[in-house]
Amino acid sequence: MRDTFGIERVLQPRGAVPVTAWKVDNSKKVLPNEARIKVERVHIELDSFQQICSQCDYDESKVIQRIMDIIDKRGKLHNPFTDSGGMLYGRVEEIGSRLAEQCDYRVGDEYLCLVTLTALPLYIESIEKVDFNYGQLIVKGHAIVFEDTMYFDSHFDEDIRYLLTALQEGGAFYSISRRVEADMSIAILGKDLLTAMLYSGVIRDKLGDRCRLLMVMDDEAYGCIPEEEVKQVLEEYADEVVFVDVRNPVDSYAEVVKTIGQMDMVINCIDKLGAETLSIFMCRNRGTVYFTGLANGYIKAILVAESIRKKIHAVDLDQYSADEISFTVSILKKVRRELNLVDHLYSKYSFRQDLSARTAGIFSQYEVSQVDDFIYASHVTEAMLEELINISKYDCNVIIQGETGVGKEKVMQLIHKNSGRNDKPCIKVNCATIQENLAESEFFGYEAGAFTGAQSSGKKGYFELANNGILFLDEIGTLSLSMQSKLLRVLQENQFYRVGGTKQINVNVRVICANNIPLMRLVETGRFREDLYYRLNICKINVPPLRDRKEDIYVLTKEFLSRYNKKYGVLKEIDENGYAALQSYDWPGNVRELENTVHRIVVSSKENMISGLDIESLLNQNIYEDNILDAKGKFRRDGKIHFDRVMEDQEKKLISYALKKEGTTRKAADSLGITQAKLMRIKKKYQL
């Protein structure tokens, strides 16, 4: 098969195509059947953009870092948690010899790619700006395109921001235009102002005034723009504009029915839990619900319709067709004035996304999932658990990595439960608590009389106790190099001698180990044997910190709250402002710190309703206690404190914490109540 779409660029796994590959080669060199594009602007698919922004608290520097990290790991912009990418715009920089003979474009030509970025190698040198309103990036970098890569071949006389947004939706525009008919009542569930205006423009272009058009806007779809101004712009095309919270489809439906009643067609543009239910409620029996994206609830909507005995015609997104591009451009020309009105609002009200009680409420609507007793809601956690379940069935050694308190032991327990050794022993060892002079006897056991104080009957070690099962070595990085050498020998040969013994003991043990500091970092600094690392590193599971899976905070808090309510026989609840405070905290101690915080607030709060102020007071106390803990310890040990040294230490910790939590020096300075210049001086002083 001739490679016309990038098979040669696939690195992992071999035999895949670029769109399904985990990693592709994004190097600059151009093969004969390729072209390199100098990328200037990237449009990210909305579900991917929102997931990244949510994960990064809408902090621009964190969003940039997250996107760069995805591209660095995968060689393309392919969000693993939404399985989506986007589109790009740039100029042709170099064309391979074979492709040059067949294509119409030349070096220097503008190039707008119509293929998802999940299928194209992409390298980003720098991201100059994140345009939150349009979900677009101003970048410097390059992309590789192929012989069969579709591209926009018309003149670029439209605003590129509008064009990228419209072409991302292009297949839906063309399909909807063919399906709407005169005298229909039609509702659009708008995901943002620009696409809402485009969809309504498509319908008015086809039917004019021969339909009734309802625009239903989720109240998270227009940021901080006042509703009256949103309504004024949308009424250019819509007969009615209604603002709802799609997370609450029952109340939202009551609001819609009060306004206009059930509809012949509902166009669902929103990928959010609740939107699919609202779409079914709004649609009349035997009406049509059109889903503009592959992710926005098609299957769930079918189930909802069946559960309420409503017959609907559900339609999902078509593939691209030759006619849709020219159709989309024609619509853009006709609605340009209205799109400019939307852009004026975007310019008038600069983007702002606060993690408020309203935002915390969004997290509360994530579906709670559970694997054994591991509760989660985040796509990040889901991906980690899918990898874990897959690894569990292979009888190999595993390294579990993650910060303190993320739940590494819980991950180990899941591996044990889902492995072929689930009915055999699972021996847990905290290596940090073993004295170095006793380590060998603890791991391998000893014979009677092997040393002074030895039991008269001898003793089995951890390896014998775990025979045919699993041995979990927590904090393995704390073992001495001498003990690591002995551990390596057992793993290689599956046999050892007890201390003081002469009889060889054979064992069959699966070793799972965990460490707070990545073991490779310890290898690089000479604190961990490289040969032992590679013996253990058959599979590796990275458990993400809680700050990278914020959707889990709500469901974990609910679980911990229920647990301690039951333990103490109380019925305490946390209000939305309390959940917002929990969401905005950085959680350096991860899940363990979250559980401890919930436990403390249940015990310390005098009221049954725990407020945001209660949570914030406790979290501020946590920060204070963390900063003074070392000082207390030094005083207890030494009986005195070197004041200047302690003050410098606390200053360093406060600056480090603020930088980590806020992400930028300006925000860190604001949070500490000092000037950015002063923070920069302190940062430089301690080389942070």
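Here are a few notes on this predicted model, covering confidence, one leucine and the cysteines.

1. Confidence first. The mean pLDDT of the protein is 86, with 91% of its residues at 70 or more.

2. Two stretches deserve a caveat. Over residues 354–364 pLDDT stays under 50, yet the model gives that stretch 32 contacts beyond four places in sequence. Residues 631–637 also stay under 50, and there the model has 7 contacts beyond four places in sequence.

3. Now have a look at L117. You'll find L117 in the loop between β5 (110–113) and β6 (122–131). Setting aside neighbours within four places in sequence, L117 is in contact with V42, K76, L77, G86, M87, L88 and L122. As for D192, it lies 75 residues from L117 along the chain, and the two C-alpha atoms are separated by 22 Å.

4. On to the cysteines: how many disulfides does the structure hold? The count is 0. C396 itself counts as buried, at 14% relative accessibility.

5. C426 is another cysteine to check. The closest cysteine sulfur to that of C426 is in C513, and because the separation is 13 Å, it is too far for a bond. With 22% relative accessibility, C426 counts as partly exposed, whereas C396 falls in the buried class.

How values were computed: Residues numbered from 1 in each chain as written. Predicted model: local features only at pLDDT ≥ 70, side-chain atom pairs only at ≥ 80, totals over all residues. Heavy atoms only, no water. Helix = DSSP H or I, 4+ residues; strand = E, 2+ residues; numbered from the N terminus. Contact = heavy atoms within 4.5 Å. pLDDT = per-residue confidence, 0-100. Disulfide = S-S within 2.5 Å. Buried < 20%, exposed > 50% of the residue type's maximum accessible area, 1.4 Å probe, protein only.
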